[in-house]
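Please work through the exercises below with the structure open beside you.

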Amino acid sequence: MGRRTVITGMGWVTPLGCDIEDVWARLLRCESGIEPTTLFDARTFPTTFSAEVKNFRLEDFLGADAARHADAARNSRFALAATQLAWAYAGLDQDPPPRRERVGVYLGGGEGPIDFDNFVRAAVDGWNDDENRLDCVRWAAAAAEHLNCTCEIEQDPNMAAAHIAVQFQAAGPNFNTLTACAASTQALGEAYSIIRRGDADVMISGGAHSMIHPLGTTGFNRLTALSTRNDEYKTSSRPFDRTRDGFVLGEGSGILILEELEHARARGARPLAEITGYGSTADAFRITDIHETGRGGIAAMRAAIESAGLTIHDIGYISTHGTGTEENDKIESLAIRTLFGERAPQVPASSVKSMFGHLIAAAGAVELITCVLAIRDGILPPTANYREPDPNCDLDYVPNAARKAELRHVLSNSFGFGGQNDSLVLSVFEG
Amino acid sequence: MTGERRVAITGLGTITPLGIGIEPLWEGLMAGRCGLKPIEAFDASGLASRLGGEIPGLKAADYVPKSYRKSVKVMARDIEIAVAAAHAAVRDAGLNTRCLVERGEATGPVNVDPTRFGANIGAGLICADLPELAGALHTAAENGRFSLARWGHEGMNNLTPLWLLKFLPNMLGCHVTIVHDAQAPSNTITCGEASSHLAVGEAYRTIARGAADVCICGGAESKINPMGVLRQQLLNRLATGWDDTPDRACRPFSARRRGIVVSEGGGLLILEEMGHARARRARIYGEVIGFGASANTSSWTQPDPDGAGLAAAIRAALHDAGVSADAIDLVGTFGGGLVGHDASELKALQNALGSRFDGLPAIATKGSLGNAGAGAGALDLAVSVMALAHNTLPPSRNTDDPDPECRLAFATKDPADARIRCLLSVGYALSGGQNAALIIRKYEE
């Protein structure tokens, strides 16, 4: 057996709050983080609600250091806060600090929100009404005046990882992957691989994203991917329910500290759980649809379970991708049923997106944190808002109430637009 | 690392201002050609520099099966470049993928198992197609001002339903994996100009650990669009004042360097498990033997003054390869032509390579190719691999008046013979501080 990778810290910034225990308790009570959108005036949009992070101030996490990151975009600020929480949770803020070149970062980080008002102003100013076309010269003048360098640079998807490297002096390997909704699960899987191989001893990994801005909502509304239950927003996220009508856009960050076991032991850190398997595949089918057999998801789950040296009989719980879209939930259920066969109905499979909304690139990371907590406490987080069974979704979704369960190995799925499939196996730590 | 599988480079696919495929790129550089010119794609005269490196006559429909031609409508330029590069790469490698078989270009039946064929593709922050988006946004204007209420109510309907999917960075990888039927791990690295090297490094690791046998890897990006140029202008990175002499504008490591020239391009390489490559008698350009990555911890926007971050990545790659600096016969530089970044890169090379730095044969491509962002590193790497295969150093444009700190040996005008057994190729993000280094050795059984 090679180097083992344990989780020694975790932190999150979510629509239900930022405290691990408090948010976990709220999830177990089926509370919803979904409210009318306030980050912009969405009242005329097809979808008027979302799962926003509320009352967030970076100073509350970084103290005076927050001023250094004053220019950071919303997603990067979430990532810095979640990393601070995870770093302290792991006890890495205690002396002696870890060797900086052995600490890396692998994020599934989204791009920063576009500087919308200024971007739009330049676009409208640059439009030539008489000729009904964009006048690039006029636009360039307006854009040079209204857009600013800092806002533009901070939108780059590698900036959250960059801020973390400076703030936590993490000089080791530094990556950002952006494989849509699968990004942070993929990041965690790759970070795990880096530690196993020996290219780092500590990896700060997870994701951060905020697409709750006019163009983000526009993009998903045009795809008809979002729920439009504007009058019933509290219960709008309905994974696996027959009446589901799309996902709910969320935002936030989840960060986990992955650490090589001996490194953790040497400094007296307590392993919370162990990552034991990772599988990643591409559907290679269509950019808009999942392959109807779920073959990509099946292959990713199978690869994760096999790489952990386990079989389907060892898996006690599945944290599903469970978005609440017609297609995802149907095909993910089929994939689980195909892989797990007769055992499928006996494996609880829930979706916390019913309460958090969909954090896009950050979704997999906050969901893996719920898996750590589920193993720790022997309790399964529920799927909220589950009322009407769908004949196409016939698994045990842990509907509407948390449930006790003794867990040794759990599977966490993330599937992204374009056929990106990633699965992780998380196991109870046994020394 | 002992026990790991060996990884060969068996295909090079590049799409650059010098042409489609690796041959026109190599021949163009050998002949000293420059791909930088005044931008023709849009009227750039209102921007601080009008210069760019544009790929002439690129149509993604020429590189996909007939059944997939409709999909090119949802491809941003970056995606089109990646799709074209993938086609060039698999052809160069002699891989009969689904695409080549369906197009009647294959030399035989499919010869790569789709479930063992992966992708690691670097991508930039893809800029929305400004004329398209502005065309929709202006419909929501009232009295010359944009109305968000009107946009939400009706304006947004002027965007095609699949609009968002044109600009997701992972769509480079998604289209490529669909077209060529690659179902093994597919990753998208978004770390600016470091993306290509990091993606190739990830592909190397993926094959070495056994999660795939073949990976298509590298990166692609187009900065030839109004936002792409403007962002560099706002960052004060454009080489200005050269509009009349574009072939002299981008000057890597030159005493007179003033900035970058934006461009577009993509490079995808085929990495293959050594036994897999041998079994199908593939041409082996070289063997990947080392990879290292690191982060700058001094700033997320400014270059590291002492180059410590990049030096650490180079040292990690040398250590990974189990070779010393003395084994390096060639360095493929990043050499963007920026005052601070080039100085930092020189410091890093000097610190990591010690006495080997002085007179070390080197290549800098950006005087000819400009800065293709996430695609840039793969182009640099492909050119260095060609140099390794041909034992020849192509001339590096505009390196003839070097910074006094630059003691690398570039071929300035004509190609130079060079015995190359082992090369180092470096890449780093201009913003963000990610660094990566790869070491490639001539193939030996």
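Predicted model: local features only at pLDDT ≥ 70, side-chain atom pairs only at ≥ 80, totals over all residues.

Before the first exercise, one term has to be settled: helices, of at least four residues, and strands, of at least two, are DSSP runs that are numbered from the N terminus.

**Exercise 1. State how confident the predictor is in the complex and in chain B.**

Step 1. For the complex, the predictor gives an ipTM of 0.98 together with a pTM of 0.98.
Step 2. For chain B, the mean pLDDT is 97, and 100% of the residues of this chain reach 70 or more.

**Exercise 2. Describe the contact between chain A and chain B, beginning with the residues on each side.**

Step 1. On one side there are 76 residues of chain A, and they are in contact with 79 residues of chain B.
Step 2. Helix H5 (residues 136-146) of chain A contributes seven residues, the largest share of the side of chain A that touches chain B.
Step 3. Sorted by class, this side of chain A has 39 nonpolar, 25 polar and twelve charged residues.

**Exercise 3. Decide how helix H4 (residues 116-125) of chain A and H5(A) are arranged relative to each other.**

Step 1. The axes of H4(A) and H5(A) come within 8 Å and cross at roughly 155°.
Step 2. Angles over 145 degrees count as roughly antiparallel, and H4(A) and H5(A) are therefore roughly antiparallel to each other.
Step 3. The crossing of these two helices, H4(A) and H5(A), is right-handed.
Step 4. From H4(A), the contact is made by A:Asn118, A:Arg121, A:Ala122 and A:Asp125, while H5(A) brings A:Arg138, A:Trp139, A:Ala142, A:Ala143 and A:His146.
Step 5. By class, the contact of H4(A) with H5(A) has four nonpolar, two polar and three charged residues.

**Exercise 4. Work out how H11(A) and H12(A) pack, and which residues make their contact.**

Step 1. Helix H11 (residues 295-307) and helix H12 (residues 326-340) of chain A pack at an angle of about 50°, and their axes are 9 Å apart.
Step 2. H11(A) and H12(A) are therefore oblique to each other, and their crossing is right-handed.
Step 3. The contact is made by A:Gly297, A:Ile298, A:Met301 and A:Arg302 of H11(A), together with A:Glu332, A:Ala335, A:Thr338 and A:Leu339 of H12(A).
Step 4. In this contact of H11(A) with H12(A) there are four nonpolar, two polar and two charged residues.

**Exercise 5. Describe the domains of chain B and the contact between them.**

Step 1. The domain assignment of chain B gives domain 1 (7-130 + 162-279) and domain 2 (290-441), and the C-alpha centres of these two domains of chain B lie 20 Å apart.
Step 2. In chain B, 60 residues of domain 1 are in contact with 56 residues of domain 2.
Step 3. On the side of domain 1 of chain B that touches domain 2 of chain B, H7(B) gives the most, with seven residues.
Step 4. The residues of that side of domain 1 of chain B divide into 29 nonpolar, 21 polar and ten charged.

**Exercise 6. Determine how H7(B) lies relative to helix H13 (residues 376-390) of chain B.**

Step 1. The axes of H7(B) and H13(B) come within 6 Å and cross at roughly 65°.
Step 2. B:Ser195, B:Ser196, B:His197 and B:Val200 of H7(B) make the contact with B:Ala376, B:Gly377, B:Ala378 and B:Leu381 of H13(B).
Step 3. The residues of this contact between H7(B) and H13(B) divide into four nonpolar, four polar and no charged.

Methods. Residues numbered from 1 in each chain as written. Chains lettered and ligands numbered in written order. Contact = placed C-beta atoms within 7 Å. Nonpolar A, V, L, I, M, F, W, Y, C, P; charged D, E, K, R; others polar. Domains from an automatic or database assignment. Axes fitted to C-alpha atoms, helices over the stretch in contact; angles between N-to-C directions. Parallel < 35°, antiparallel > 145°, perpendicular 65-115°, else oblique. Left-handed = near helix turned anticlockwise from the far one by under 90°. pLDDT = per-residue confidence, 0-100.
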